[in-house]
Amino acid sequence: MRKVTVYITLKQGVLDPQGKAIQESLNALGYNEIEDTRVGKYIELKVEDGPNLEARVTEMCDKLLANPVIEDYRFDMEEAGSL
């Protein structure tokens with residue numbers, strides 16, 4: 001078994017209204033050192049180890065987990081403990 005951690009973020013240049021709202025709220029609370037905020041997604045998968053696992057995870061990201069038109073992603077794989 002492998003634990004796959006997928007990190008998904010909006011591509012540079014894509015507007016991030018949720019990130020902007022968080023930044024403005026932090027500024028309103030007095031955290032004026034915040035210059036930019038981006039929001040992303042974090043997904044953990046526990047998958048059977050096998051041939052072409054990296055290609056299979058890339059396919060999962062391209063087809064469902066991320067929108068490659070507006071989002072970038074990367075993933076890490078490690079031996080699975082329990083999620």
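This is a predicted model: local features need pLDDT of at least 70, side-chain atom pairs count only at pLDDT 80 or more; totals for chains, interfaces and linings use all residues.
Buried or exposed, then, for Thr37? Buried: its relative accessible area is 14%, and the cut-off for calling a residue buried is under 20%. Setting aside neighbours within four places in sequence, Thr37 is in contact with Asp16, Gly19, Lys20, Ile22 and Gln23.

Let me zoom out. The protein chain has two helices and three strands, and from the N terminus the order goes β-α-β-α-β. On the strand side, β1 and β2 run antiparallel, joined by eight bridges.

Now, helix α2, residues 53-65. Which residues of α2 are buried? Leu53, Val57, Cys61 and Leu65. Looking down the axis of α2, those buried residues fall within an arc of 85°, so they line one face of the helix. And what covers them includes β1 (2-10), β2 (40-47) and β3 (71-79). Take Leu53 up close: not counting residues up to four places away in sequence, Leu53 touches Arg2, Val47, Glu48 and Met77.

That brings us to the largest nonpolar core, which has twelve residues, among them Val4, Ile8, Ile43, Leu45, Ala66 and Phe75. β1, β2 and α2 are the elements that put two or more residues into this core, and α2 gives the most, with four.

Last bit, the whole-chain numbers. Of the 83 residues, 24% count as buried. The radius of gyration is 16 Å, whereas a compact globule of 83 residues would come out near 12 Å. Along the principal axes, the C-alpha atoms fill a box of roughly 50 × 30 × 15 Å. As for the contacts with a separation of 6 or more, 74% of them are between residues 24 or more positions apart.

Terms used
Residues are numbered from 1 along each chain as its sequence is written. Side-chain values use heavy atoms; hydrogens and water are left out. Buried means under 20% relative accessible area, exposed over 50%, partly exposed in between (1.4 Å probe, protein chains only). The arc is that of the directions from the helix axis to the C-beta atoms. Contact means heavy atoms within 4.5 Å. A nonpolar core is a set of buried Ala, Val, Leu, Ile, Met, Phe, Trp, Tyr and Cys residues joined through side-chain atoms within 4.5 Å. Two strands pair if DSSP finds at least two bridges between them. The radius of gyration is taken over C-alpha atoms; the globule rule is 2.2 Å times the number of residues to the power 0.38.
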